[in-house]
Amino acid sequence: MSTPLKRVHGYLAEFSSTKDVYHAAEQVRDAGYSSWDVHSPFPVHGMDDAMGLPRSILPRFVLIGGIIGLTTAFLLEYLTQVVIYPTVVQAKPANIYTIAAFFPVMFELTILFAAFTALFTCLIMMKLPRLHHPLFNSRNFSKFSDDKFFLCIEARDPKFSPEKTKAFLAGLGGANIELVEDEL
Amino acid sequence: MAEAAHDSHHPHAGGPSHAKVLLREPLVLNNRSYSWVTNRICGIVENPQPKGWWFIIVPCVALVAVMAFCFTYLVATGVGVWGPNHPVAWGWDITNFVFWIGIGHAGTLISAILYLTRQKWRTAVNRAAEAMTIFAVMCAGLFPALHVGRVWMAWFLAPVPNSNAIWQNFKSPLLWDVFAVSTYFSVSVVFWFLGLVPDLATLRDRCKPGIRKMAYGLFALGWRGGNRQWRHYEIAYGLLAALSTPLVLSVHTVVSFDFATSVVPGWHTTIFPPYFVAGAIFGGFAMVLTLMIPVRKIYGLQDLFTMKHVDNMTKIILLTGTIVGYAYLMELFIAWYSGSLYEFDAFKWRILFGPYTLYYFAMFFCNVIAPQVFWWKKMRENLIVVMIVCMFVNAGMWFERFVIICTTLARDSLPGAWDMYHPTWVEIWTFIGTFGFFMMLFLLFLRFLPVIAIAEIKGVLPEADPHYDPSKTKGDNIVPAPVYEGDRHEAPTPSAAGPLPSGAATA
């Protein structure tokens, strides 16, 4: 029987209110940690500032997605109605001046492409979906989706130290501090 | 709510006591905790369903079978088994399509427009309303798909290259409709799913290992609630709301173009887009209340879906119902004022001498007169009155579409071509069947998914604000919310979530 090899993921500390975890996050930020995160059942207002995170750049991708949708719709309509297969229906001519009749589909595809870009870009930025994460090895962690708040400092952080980080989290008021490991 | 508590306190900090401040009604009553919210909402999914659930779903499944039979009979025999004829080429099929699409408007309106306008009360309603939207659009989509006649050719609607080298006519409002409805459906599903992810994670974390945990875990996508996730999530959610806002207004606008861009008198009016959109919101909110008033009672959600919600929604019904009433009257006025003989004649047959006059007055009563009772607060607070009025509105909005479509076509410009339209049994049972389909999907939604957005509700609790100070709420100008005896308890642990607190299911 061999002992399974384990890799340390990081230290997990539990907090019971948004206020506690908010002030703890400010101190972790000021201590200069970089690989860490706050886990909460709902988005905590102002947490981005407390963690020192910049605003998400997601909107730029969504704008690009919308522009691609608009272009796709215009080309789809113009090429099929005017270039490839010009048809005069209901006395409406087949030329660029009928562009007003193309607007509804252009609008709809802009929204459609932008919405799907928002969904998929968001998932990529959140590094989801994934089937497993070391944090799920912690039994305590499942309370993050109920009423507890967690702060996890990861071992890959250059400032991480097995003793000091644990003491630091305890000093911030974190409860049930545990070392989260993952089987290799 | 949190802001209300702050605004009323900062000026008095340390100062003398001032006159009582009118506080905004809390969104969640009785100072419920985070875990109370989790337990109550997840309990609906985790506990056995009440008997009433089975009493409703069994007939609904039977109706779905009837609907499937009607569709099979239609496809196997031909569209002649429906009643449309010449000149009434659009009968109950298109009426039902517009009716269901209209119902599907409240969901995205609540989730998108009320989100952008920071109406925090939406959090208790949006999940169920979005689910209802998706199910209603599914019901709506069935009708045009079968109305095309040869359903196996329905793929001709999609702009894909085919061997005939024929392309769709992009100048046709009917094709705009294909794009509008399919975009609306897709974006609504994306919006709904993104909102569900954190709540699916909650359900996953409460399950014992097994198939349920795997299923919820798969759809929760490995959600960990990290702020490095939330910060993108919130932006994505806001952007989807911003994209859905014009979308929801565009869908019924495009549906109304099907009528407004034709040259049929009675349809060819510029008032149609705003009139249809207002009507859709009106009918959609009525359907949300029709579904949610029983749900809040049966599942004991009175603290989350409060009377304040009912009050707000009935006010929206009153407003949009009055806009619809204005549109009805304006149509009549313009029919006279325009001096167009055909327009005047269309309305003369519609409201006075036509075969469907009764439908017009039923519509007018249900949509314009009945909601006027909501001017009185007593009426808005009486749930029986609210339910009755919502039923009138549900029926009235169907009458509206029937009146617009069928009465106009039955009396077109050439008296020699006039004919009556009567639905056949196939159409009647198909329509009843879609109600079974809709209710079945909604009941399955109640059974398997959280009916209220758990994460969003927690986010509007006062203690969700990191700057919330409970000591300050003990000031003399705060009246604490009443506590129900025997109902204020915290369930022991998530893994041992017991049945609903006593009295919840029977309340």
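This is a predicted model: local features need pLDDT of at least 70, side-chain atom pairs count only at pLDDT 80 or more; totals for chains, interfaces and linings use all residues.
Biologist: Start with strand S1 of chain A. Is it mostly covered or mostly open?
Modeller: Mostly covered. S1(A) spans residues 6-15, and seven of its 10 residues are buried.

Biologist: Which strands does S1(A) pair with?
Modeller: Strand S4 of chain A, residues 175-183, is joined to S1(A) by seven bridges. Strand S3 of chain A, residues 149-154, is joined to S1(A) by six bridges. S1(A) runs antiparallel to S4(A), and antiparallel to S3(A) as well.

Biologist: How is chain A split into domains?
Modeller: The assignment gives domain 1 as 6-53 + 132-183, and domain 2 as 58-125.

Biologist: And how far apart are their centres?
Modeller: The C-alpha centres of domain 1 and domain 2 of chain A lie 45 Å apart.

Biologist: Which non-glycine residues have a positive phi, then?
Modeller: Lys127(A), at about 55°, and Arg118(B), at about 60°. Lys127(A) is in the loop between H4 and S3 of chain A. Arg118(B) is in the loop between helix H5 (105-116) and H6 of chain B.

Biologist: Are those two buried or exposed?
Modeller: Exposed. Lys127(A) has a relative accessible area of 64%, and Arg118(B) has 64%.

Biologist: On to H6(B). What end-to-end span should it have?
Modeller: H6(B) has 22 residues, 126-147, so at 1.5 Å a residue it should span 32 Å. Its end C-alpha atoms are 32 Å apart, which agrees.

Biologist: How many of its residues are buried?
Modeller: 16 of 22, so H6(B) is mostly covered by the under 20% cut-off. Just after H6(B), Gly149(B) takes a positive phi of about 100°.

Biologist: Last one. Which residues make the nonpolar surface patch?
Modeller: Leu75(A), Leu79(A), Val83(A), Ile84(A), Tyr85(A) and Ile166(B), with about 510 Å² of accessible area together. Tyr85(A) lies in the loop between helices H3 (58-84) and H4 (103-125) of chain A. Tyr85(A) is partly exposed, at 32% relative accessible area.

Key: Residues are numbered from 1 along each chain as its sequence is written. Chains are lettered from A and ligands numbered from 1 in the order in which they are written. Side-chain values use heavy atoms; hydrogens and water are left out. Helices (H or I, at least four residues) and strands (E, at least two) are DSSP runs, numbered from the N terminus. The expected span of a helix is 1.5 Å times one less than its number of residues. Buried means under 20% relative accessible area, exposed over 50%, partly exposed in between (1.4 Å probe, protein chains only). Patches are made of residues with over 30% relative accessible area and no salt bridge: like charges are joined within 9 Å, nonpolar side chains (Val, Leu, Ile, Met, Phe, Trp, Tyr) within 5 Å. Accessible areas come from the Shrake-Rupley method with a 1.4 Å probe; for residues, only the protein chains shown count as cover. A salt bridge is a side-chain nitrogen of Lys or Arg within 4 Å of a carboxyl oxygen of Asp or Glu. Two strands pair if DSSP finds at least two bridges between them. Domain bounds come from an automatic or database domain assignment.
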